Structures are given as structure tokens and as C-alpha cells.
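User: I'm new to this one. Can you walk me through it?

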Amino acid sequence: MYLVESKMKNLLNIITIILCVLLSWEYTDGVENRASGEISFHRIQISSLFPSPSSSCVLSPRASNTKSSLHVMHRHGPCSSLSSEKATTSPDHDEILRLDQARVKSIHWKLSKKLTARDRLSQSQSTVLQARSGITLGSGSYIVTVGIGTPKHDLSLLFDTGSDLTWTQCQPCGKNGTSCYPQEEPIFNSSSSSSYSNVPCSSPLCDSLPSQGVYRNCSGSNCFYVAGYVDGSSTSGFLAKEKFTLTNTDVFDKLNFGCGVNNQGFKGIAGLLGLGPGTLSFPSQTAMTYNNIFSYCLPSSKEYTGHLTFGSGGISNSVKYTPSFTLLVNSGGSFYSLDIVGISVANKDLNIPLGVFSNATAIIDSGTTITRLPPVAYAALRTAFKEKMSNYKTTLGPPPFDTCYDFTGLRTMSIPKISFSFDGGTVVDLDSKGVMYMYGMSKGCLGFAGNTYNNNVAVFGSLQQKTLEVVYDVPSGRLGFAPNGCR
């Protein structure tokens, strides 16, 4: 009897090994480092990395159960309120990546000048808005819905930590009404709002626009702004004050925003919600209520929603902060910085010289999709990743990717865990959906790229932020991360 049981166990072990090889599992390394007990690989269903054909909508519990919350949906997903966007086919990855590269070039240009630190503010309360992935400025762009004017006009706005000015399209669109791009929702009409007023051209606020990366002009006695983007898109119009409604209990009077009457290069969305550190940004203007604290979680795919939370309410107790968080502002724009000190692959620290990260400033950006790293750091990451992915078939991918795989015919795969170490001892493990950029029906690339020069600004992009709760605590001068902030 014992002999029979022993043979059966051996047979089962052999079958298990064969199945692992057939499914291209990393059987030797396994998912767990036996010596340390740490997880070193993500073993996942390949189908989970691609958009689901399901028409179901899964709302974020965080936004559903937190005071003053709104549900907003992925513009191309089943939850979308944008009917024409909902019917849109798969996104054009070449276009997404082209716009992403254009954004990074813009960031590098903006931060090529001397950077200065900003002051910080303080207070509490909380409001939650669910975040959804967008496509307009790349798949790393996200939108929320806010109410503008009296009566309230609900509009879908991109939210962007790399921009300060909040703006929306406004009627009339130029002299002939043709100076606005196609928008899903009705365009805001300032003449129909009883709470709207223009900012005078002679005001100090109007004079300060150039220092915040926005061109200034005058239209009669009114302040006129012009904001251009490196991809050719632009907005220009009147700097104005208006009532903003996040929820029934979170209403703000006389917030500064751009009422754009000439806007080009966008599609579908109504405008942009600026979350940067400048004085024009939404967090800065609402600091007396929310203490200049906000957090968000970017969803893993379009059938889920994440959240954007203003204030300190609901922030996870598991958030780990990096104390080196700094605010950067110059005449070209404003950003949030953080200090990367190391990267590990499958729990093994990469051999990156100490000076590599100290010679290149790093920022976190919700509008950049793909994380950009100093060339030396990216080369070390790529080499380690390719070594761990040697069982998989390689393929050519779209630029800027150079490490891509074809998973056709496979149901599961194991990808090495990637972790970032930040100043102060904070280690952030990327979610499995934050490691690879998936395209087509069965292909994926290492979701990182190298900068051209060693001193180019490194960018921690939205792909790597997926499902993480990211906390911007401006008064305390820190940036925080926690896992499992949303699905």
C-alpha cells in the first residue's frame, strides 16, 4: 500500500512539472522565494491583463462608501456616461504612445530650468470623486466629473497633477462658433450662469499667469489666457471666477478657472482639472477646506473605477510616505517630485550606481503613461527583466518599447515583481498590472522606457501607479503609497 501511494505521489509531481512547463510557468524560481518567504513573481491569467468584453460596471467601494463621493467612469468602459466614447473600439496604441512621448518631451523642456521649492498649507475634511482612465492625452490620462456654474453644469474633466490651470470649453466658440473641438456634453455657456465673472486684466492674478506657465493677454478690460501643449493642442479664453460643485455638500464659490473660447487638439472631454502645486490649481484654491491634501487610485482596467479624494478622510492606514517629497515650480510649469534611490526585480536589488538617480530629478505624473528612467537605470531593469522572462517568446513592439513578448496560446504567465525604493526607506511594490503595457490581443511590453540623457527628469507614470493609493500631503511635505487602493 505504501509503495502504491509513493508511486502515485511521484506521478502527480511529474504531471505538475509538465503542466508548469506547458503553461510557461517559472517553476524553478516559483512565485515565492523559499528562503525569505517573499513573493518574487506575479502568476496571473493573461486574459486579466486585457480589457474584458463584459458589459458589467464595477464601482469603487471607496468612492461609494466615503462621504461626499461621486461615481465617474472610464470613458471607453461600460460605466461611461459618454455614449459615443462607450462605443469606441480599442484605442490606437501608436497614438497613445506618441502623445505620451510628446508629454515627456514637454516635461523635460519645462524642467530644464532651475527648479524652486514652494510653500505649503493646512486643514481636513474629505470629498471623493471616482477616477477613470482616459485616452485623449494617452491611456495614462484620467477624468472626473464636476459641476460648474449656477445652475450646475456637470462636465467631464481630465485631471492632471502636471497642470495648475483648470479650464473648460465655453460658448461662444470664436466669432463663427467653430473654435471648439467636438465635445460629448453640452459646452458650458457662461452667459447662462449667475455666478460667473471675468477676472480684470489689471489684477495681480492676471499678471501672475506667465510665472505659472500660462501666457497672458487682454481682451478689453478682461484677462485673457493662452495655454499650449507640445502635441499641438491648446486652449485660450477668459480667466474667470465661477462656482464649482463636487458634491451636494462640497461647493466652492469664485474659484479661478479658464473659460476657453478657442480650443484645439482634444476630443470628447470638456476640459481639464489642474491638480499641480501652483497657486491656480484646484487643491491650492480649496486649501482652507481640504488642507491641500488629496489622494487617488487609478483603476487597473476600464470596467473598474478608481477614486480621486480631496482631504484626508479615508486615507489608508497602510500608506508609506517618502519624506523627500518636494514641490517644483518654474516659469514652465509645476510638478510634484520624489527621490528614487533604487529598483528591484524579483526581490533582487539592481546594480545601479549611486549617482544615477541623484543626478536626475524625478517627478510623479498622472498624465504620463509610461515611467521614464535614466538610461543606466533602465538598462539594468531591462536586463534583469529579460533574464526572468526568458521562457517567453519575444516580439517587436511599438516605440518606445524594446522588450516585448507574444503570449499567444498561453493562459497564464509569471512576471517578476518590480519594486521602487524611495528616500526615507519607503519601498513600493508595483501591482501586477503596473509592470507591462499590453496591446493587441496577446502581446505585452515591459512598461518602462529610458530617457535620452542621464540628466533628463525621470517620470513615475500612471501605468506604474495602477491600483496604488497615492497620497499628496502638501502641508507635511510628503508623498505616500499604499497597495490595493482600488481594483
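Analyst: Let's start with a definition: a salt bridge is a side-chain nitrogen of Lys or Arg within 4 Å of a carboxyl oxygen of Asp or Glu. The structure holds 10 of these salt bridges. Keep in mind that this is a predicted model, where local features need pLDDT of at least 70, side-chain atom pairs count only at pLDDT 80 or more, and totals for chains, interfaces and linings use all residues. Residues are numbered from 1 along each chain as its sequence is written, and side-chain values use heavy atoms, with hydrogens and water left out.

User: OK. Which residue forms a salt bridge with Asp-207?

Analyst: Arg-216 does. The closest N and O atoms are 3.2 Å apart.

User: What does Lys-243 meet in a salt bridge?

Analyst: Asp-253, at 4.0 Å from N to O. This pair links distant parts of the chain, 10 residues apart. Asp-253 is in strand β13 (residues 250-264), and Lys-243 is in strand β12 (residues 234-247). Strands (E, at least two residues) and helices (H or I, at least four) are DSSP runs, numbered from the N terminus.

User: How accessible is Asp-253?

Analyst: Asp-253 has a relative accessible area of 53%, so Asp-253 is exposed. Lys-243 is at 23%, which makes Lys-243 partly exposed.

User: And where does Lys-417 sit in the chain?

Analyst: Lys-417 is in the loop between β26 (412-416) and β27 (418-422). The side chain of Lys-417 meets that of Asp-429 in a salt bridge, 4.0 Å from N to O. Asp-429 lies in strand β28 (residues 426-429), 12 residues away. Lys-417 is buried at 10% relative accessibility. Asp-429 is partly exposed at 38%.

User: Switching topic. How many disulfides does the structure hold?

Analyst: Six. A disulfide is a pair of cysteine sulfur atoms within 2.5 Å.

User: Which cysteine is joined to Cys-201?

Analyst: Cys-218, with an S to S distance of 1.6 Å. The torsion about the S-S bond is -40°, and the link is left-handed. Cys-201 sits in the loop between β9 (197-198) and α5 (204-207), while Cys-218 is in strand β10 (residues 215-219), 17 residues apart. Cys-201 is buried at 7% relative accessibility. Cys-218 is partly exposed at 36%.

User: What about Cys-206 and Cys-223: left-handed or right-handed?

Analyst: The torsion about their S-S bond is about 85°, so this disulfide is right-handed. It joins helix α5, which holds Cys-206, to strand β11 (residues 222-228), which holds Cys-223. The S to S distance is 2.1 Å. Cys-206 is buried at 0% relative accessibility. Cys-223 is also buried, at 0%.

User: How many residues apart are Cys-297 and Cys-486?

Analyst: 189. Cys-297 is in strand β15 (residues 293-297), and Cys-486 is in the segment after β34 (478-482). Their S to S distance is 2.0 Å. The torsion is about -80°, so the disulfide is left-handed. Cys-297 is buried at 0%, and Cys-486 is buried at 13%.

User: Now the sheets. In what order do the strands of the open sheet with β24 run?

Analyst: The order is β24-β25-β30-β29, four strands with antiparallel pairing. Two strands pair if DSSP finds at least two bridges between them.

User: How many bridges join β29 to β30?

Analyst: Four, and the two strands run antiparallel. β30 covers residues 443-446. The bridge partner of Met-436 in β30 is Leu-446.

User: Which helix lies across β30?

Analyst: Helix α9 (residues 375-388). α9 also lies across β25 (404-406) and β29, and runs at about 135° to β30. Contact means heavy atoms within 4.5 Å. Axes are lines fitted to C-alpha atoms, for helices over the stretch in contact, and angles run from 0 to 180 degrees between N-to-C directions.

Notes. Buried means under 20% relative accessible area, exposed over 50%, partly exposed in between (1.4 Å probe, protein chains only).
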